[in-house]
Amino acid sequence: MREVLHIDWTRCDGRGLCTELLPTLLGRDDWGYPLAMQAAGGDPSNVVIDFQHSEAAADAVKLCPKMALALAYEADQADETW
Amino acid sequence: MDNTLWALGRVSGIVSLILFTGTVVLGILTRSGRPLLSIPRYSLTLIHRNFALLATIFLALHVGTLVLDSFAKLTVADVVVPFLGSYRPFWQGLGTVAFDLVVAVVVTSLLRRRIGVRAFRAVHWFTYAMWPIALAHALGNGTDGTSKFFLMLAICSLISVGAALVWRFSTNFLETAKTRQEELQ
Amino acid sequence: MTSLAAQMPGLGDHRGLRGTYRLFAAGNNADISAHVQAFGPLPASGIEGDFIDVLESAGLTGRGGAAFASWRKIAAAGAAARSRAIMATKPVVIANGAEGEPLSFKDKTLLAHAPHVVIDGLLCAARAVAGGQMFMYVSAPSIPAVKRALAERTDARNIKIVAASETFISGEASAVVNSIANGKALPLERRRRLSDSGFKGRPTLVFNVETLAHMALIARFGAAWFRCVGTERDPGTRLLSISGPISGQILEVAGDVSLEDVLTQSGIDVSTVGALLVGGYHGRWVRRLDYRLAPTGTESHTVRPGAGVVHVLLHSQCGLEATAQIVSYLATQSAKQCGPCMFGLPAMARVMNAIAYGDRDPRLLLELVRLSDVVTGRGACHHPDGTAELVRSALDQFSEDVDAHLSGTCLKTKGRRS
């Protein structure tokens, strides 16, 4: 059960705070929205957070002006479309 | 003792006003969605928040000391209900209004994750009413309100908030979906 | 739509239910008596809890696009309802007849001609989970037939009809729930499955109308009967909307059918076919006809039926132009809730159109691949993913056309290009 930072895209407005707090995990796409920088195959909506980034991720959750972020565990994610 | 409370009440009021001015300026900068020089966005948000908390503490000190102070003759009701005061009720009432607004803004900010962004934002807009009311209260009610020093301070405050607003609206730099859409048009 | 039904083979001859001719066995515009005559009455018992086991052995998968195992959905909703400690909540069951996919018309046809089969299926699913509220979410043209059918029966009084909007994403499961609950047919951000918490927080089942129709027949004739057509990995039949050079027609085919068989059954001359778009606008282009149509299997031999769409592109038509038109449409159909979709899809459409219509910048191809990767997986629903899939398959299947276009010619429409 790895910790993941879940991005709610319906709320995200690409304000960039999370990308400043987690510069090694999140970049910004062409329009400013957070873009997971991990290798292909990862889930770009649920960015895996390792121990050393745990605190910064928690800050990102707290400081996101749109409250578009949440910390969760991988197993909790509703991966199916139903 | 009484003199100490009275002096503390006045000084904490002024300090609180300065801090609130800083909070408003930082809030406007935060809302602009731009990093300021080399300060990243999240730091700006954090500084804004810490300024606000500090300002609130000084406001509590300001109100608390004047309730305790016998000279100010401030009752507990005056703290919550505006325009009941015995000394310059209108100007003191403005202070009460500003205080109530600050309480509302601080409480909704602390409960932001509970109540959602929408309610938080709606209440937060009241800071644009709170700040000028607080300034007016200081000018009209304050013992030092008409002193040269304080008038200078008020003018500086107005200029800095005004400048922040101008900067905020100066470009369509706002990082939101709406401005990005407009750029594409 | 009646012209489509008129082309369906053998309507009127409905003795038994052999072969792949199942869902329309009661004939055109079947009323309740024709329906009962063809299929017999819906069994009164045996559709409670153990119906889930029957569905599991039947191996029915969703026919709306995601092809998820139907029994698992029902089991999850049932379990979610039972696990509620305070106040047992009855699950909500929704028949999803929103067919925003422009190339699909099998659901409308099914609702027009066999509404009772769908209603039976809805009742079966509701009984299996001891469900409460039932909805039929159907597009406006389907409403009269569904209303008429509901009025003909006494066991369907609890079913409420809700008009579906006509947007591409209106049929996405969470958009369906959102539309019924709040009148907004927009996908929802979901941290929990709808079967746990959907309509007003209740366990919610959203089934495509064709899936429900199969359920109604499985309830009557059993899992073994369902499996006697199709294969192990794709049992039963499925409806296909066939379009392209011929006017649209509906086919009911066996699971795991080959594309060549589909074309033959549709009366399409295989030699004229340049490529097929399978699954719909969120589907995949294929040029070989020996692919089999099944929800699982290797990409090199199977193609997922998605919403049951097979669209024919003739040799004379340019696949890049066709794809550009589709991507342009899909870009307009973004719900504009999620940034990467709101901005990424129009960007993809611009590049796709540039490649299709004469821009010769060699960097366009890489840019399109990059944009497809950027949008994938970054939305509340799968609209960006499906669009990216379509573009990737077009670049893969029409790679020679891309080369030709980028050097100023077109393999298909030579005369028309500047």
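**Note on a predicted structure with chains A, B and C**

1. Asn141(B) is found in helix α6 of chain B. The model is a predicted one, and the remarks below should be read as describing that prediction. Asn141(B) has a relative accessible area of 13%; because the limit for a buried residue is under 20%, Asn141(B) counts as buried. Apart from its neighbours within four places in sequence, Asn141(B) is in contact with Tyr87(B), Arg88(B), Trp91(B) and Gln92(B).

2. Chain B contains 8 helices and 0 strands, and its pattern along the sequence is accordingly written α-α-α-α-α-α-α-α. Taken along the principal axes, the C-alpha atoms of chain B fill a box of roughly 60 × 40 × 25 Å. Among contacts in chain B with a separation of 6 or more, 63% are accounted for by residues 24 or more positions apart.

3. Of its 185 residues, 43% count as buried. Chain B exposes about 10,300 Å², and carbon and sulfur atoms supply 74% of that area.

4. Which residues are the closest to the centre of the second largest pocket? This pocket holds about 1,200 Å³ of space. Of the 42 residues that line the second largest pocket, the closest to its centre are His48(B), Ser109(B), Arg112(B), Phe120(B) and His124(B).

5. Chain A has 2 helices and 5 strands, arranged along the sequence as β-α-β-β-β-α-β. Buried residues make up 56% of the 82 residues in this chain. Chain A exposes about 3,600 Å², of which carbon and sulfur atoms supply 52%. For contacts in chain A with a separation of 6 or more, residues 24 or more positions apart account for 61%.

6. A search of the whole structure finds 3 cavities of 30 Å³ or more. The largest cavity has a volume of about 120 Å³. It is lined by 17 residues, and those closest to its centre are Cys12(A), Arg15(A), Gly16(A), Cys18(A) and Cys64(A). Helix α1 (residues 17-21) of chain A provides the largest share of this lining, namely 3 residues.

7. In chain C, is Val375(C) buried or exposed? Val375(C) lies in helix α13 (residues 364-375) of chain C. Its relative accessible area is 0%, and since buried means under 20%, Val375(C) is buried.

8. The surroundings of Val375(C) complete the picture. Not counting residues up to four places away in sequence, Val375(C) touches Pro340(C), Gly344(C), Leu345(C), Met348(C), Pro384(C), Asp385(C) and Ala388(C). Met342(C) is 33 residues from Val375(C) in sequence, and the two are 9.7 Å apart in space, C-alpha to C-alpha.

Terms used: Residues are numbered from 1 along each chain as its sequence is written. Chains are lettered from A and ligands numbered from 1 in the order in which they are written. This is a predicted model: local features need pLDDT of at least 70, side-chain atom pairs count only at pLDDT 80 or more; totals for chains, interfaces and linings use all residues. Side-chain values use heavy atoms; hydrogens and water are left out. Helices (H or I, at least four residues) and strands (E, at least two) are DSSP runs, numbered from the N terminus. Buried means under 20% relative accessible area, exposed over 50%, partly exposed in between (1.4 Å probe, protein chains only). Contact means heavy atoms within 4.5 Å. Accessible areas come from the Shrake-Rupley method with a 1.4 Å probe; for residues, only the protein chains shown count as cover. On a 1 Å grid over the protein atoms alone, a cavity is a set of points where a 1.4 Å probe fits but cannot get out, and a pocket is an open set with protein on both sides within 12 Å along at least five of seven lines; lining residues have an atom within 4 Å of a point. Grid points are joined across faces, edges and corners, and a volume is the space filled by probe spheres set on the points.
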